[in-house]
Amino acid sequence: MTTHYLVLSALLFVIGGVGVLVRRNAIVVFMCVELMLNACNLAFVTFARQNGNLDGQVIAFFVMIVAAAEVVIGLAIIVTIFRTRRSASVDDVNLLKY
Amino acid sequence: MGETITFWVLAVVSVSAALGLVFSRKAVYSALMLGTVMLSLAVLYAVQDAPFLAAVQIIVYTGAVMMLFLFVLMLVGVDSSDSLVETIRGQRFWAVVAGLAFAALLGLGVGNAVLSAPKGLEAVTAKGNVPSLAELIFTRYVFAFEVTSALLITAALGAMVLAHRERIAPKPTQKDLSRARFVEYGEHGRNPAPLPGPGTYARHNAIDMPALLPDGSVAPLSVNRVLARREAAEGTLAPEIAAALEAEEREAAERTADRHEELVHHASGVNGSGPNGAASNGAGPTASAAPADESPATGPETGEEAK
């Protein structure tokens, strides 16, 4: 059963990664990052049971906390960018390019 | 057996929802799909002897984080859909290729691993899942836990600093707003009063029923434009509403035509009287005085309608 969980986690991680590469809307890109973090959490929880060790669940808990903090800051940045550029597309944030 | 069934059902649901998250055109659908994935992951945690994490997943992710996502989505604009233009040529194709390659890599890694049967958490969670987790968090991981509080405070402060906006113009008072409304009325003849509610004197108070003026005709101001357009497209728009809207449009067109003539007239007048033109403010009062001449012309009409 462990292998099944790990494959599911890998699939979700890959889908999230492809989403980050493909999508242009900053908020959707952010959601894909959240999906990747969730996939990692699933792997952590699975390994916690596999190894009979609660540390994996503690780490998953910490990942959730950091993800919550990251979402707050990331969305604030998106709102700030939207205010100045009137767009939530990652393609429009190109002033630091040259 | 029960776990196997749960796993397969939720695996299908979560993978298809994740695909929906990536491929749906509208960001709100993506958020909905992400919520589905998170909920099914919460159930998978519960199945894997992690009831505390399942609860936290639902409270923090589907509760707080998804709410924040939806909030920002509404703030930034729901209709901000992706452009289909690729800024880097072939990016989509190569992204999918990279994703497949990475999936193959991870799959091979997982497939090659020789895993024994899961040990299970019964031995370490003799006191129950939550007490055992609490013991770990407050002994071995206590420093990380304390640092987390600093992180959360920093995040909250950072969000406040980032989202804060200095006011550059003074806040318009009620007086300013009222004055602006009447200037608007004087210059464009726009109604300064609040819009009449739908169905004020009508027999229905549904949003698609227009208010009736006392003479029984339709008050065009009370017609919901969005619904009217939709109904017109469907062909279900009531004829009296359509007539009222048309009459209003015609009136507005006449008004702008009149204004145009007047402006031309005034411009030639100002040009004629050179010294008067120096007082550039003079143009303002005359321009706004002209509609005052005109408004009695339209005034009686509306007055009659009101009666």
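Residues 27–47 of chain A are 100% helix and 0% strand, and their end C-alpha atoms sit 31 Å apart. Bear in mind that this is a predicted model.

Chain B has 11 helices and zero strands. Of its 307 residues, 25% are buried.

Now for the charged pairs. Over all chains, the count of salt bridges comes to three:

| Salt bridge | N to O distance |
|---|---|
| B:Glu3 and A:Arg49 | 2.9 Å |
| A:Asp55 and B:Arg140 | 2.6 Å |
| B:Lys127 and B:Glu135 | 2.3 Å |

Take B:Glu3 and A:Arg49, which meet in a salt bridge. B:Glu3 belongs to helix H1 (residues 2–23) of chain B and A:Arg49 to helix H2 (residues 26–51) of chain A, so the pair joins two chains. B:Glu3 is partly exposed at 22% relative accessible area, while A:Arg49 is buried at 9%.

A:Asp55 also has a salt-bridge partner, B:Arg140. Here A:Asp55 lies in helix H3 (residues 55–85) of chain A and B:Arg140 in the loop between helix H5 (129–139) and H6 of chain B, so this pair joins two chains. A:Asp55 is buried, with 15% relative accessible area, but B:Arg140 is exposed at 56%.

Finally, A:Arg86, B:Arg165, B:Arg167 and B:Lys171 form a positive surface patch. B:Arg165 sits in the loop between helix H6 (142–163) and helix H7 (174–188) of chain B, and counts as exposed at 56% relative accessibility.

Technical notes:
Residues numbered from 1 in each chain as written. Chains lettered and ligands numbered in written order. Predicted model: local features only at pLDDT ≥ 70, side-chain atom pairs only at ≥ 80, totals over all residues. Heavy atoms only, no water. Patch = residues over 30% accessible without salt bridge, like charges linked within 9 Å, V, L, I, M, F, W, Y side chains within 5 Å. Areas by Shrake-Rupley, 256 points an atom, 1.4 Å probe, with all protein chains shown as cover. Salt bridge = Lys/Arg side-chain N within 4 Å of Asp/Glu carboxyl O. Lys, Arg positive; Asp, Glu negative; His and termini not counted. Charge placed at Lys NZ, Arg CZ, Asp CG, Glu CD. Helix = DSSP H or I, 4+ residues; strand = E, 2+ residues; numbered from the N terminus. Buried < 20%, exposed > 50% of the residue type's maximum accessible area, 1.4 Å probe, protein only.
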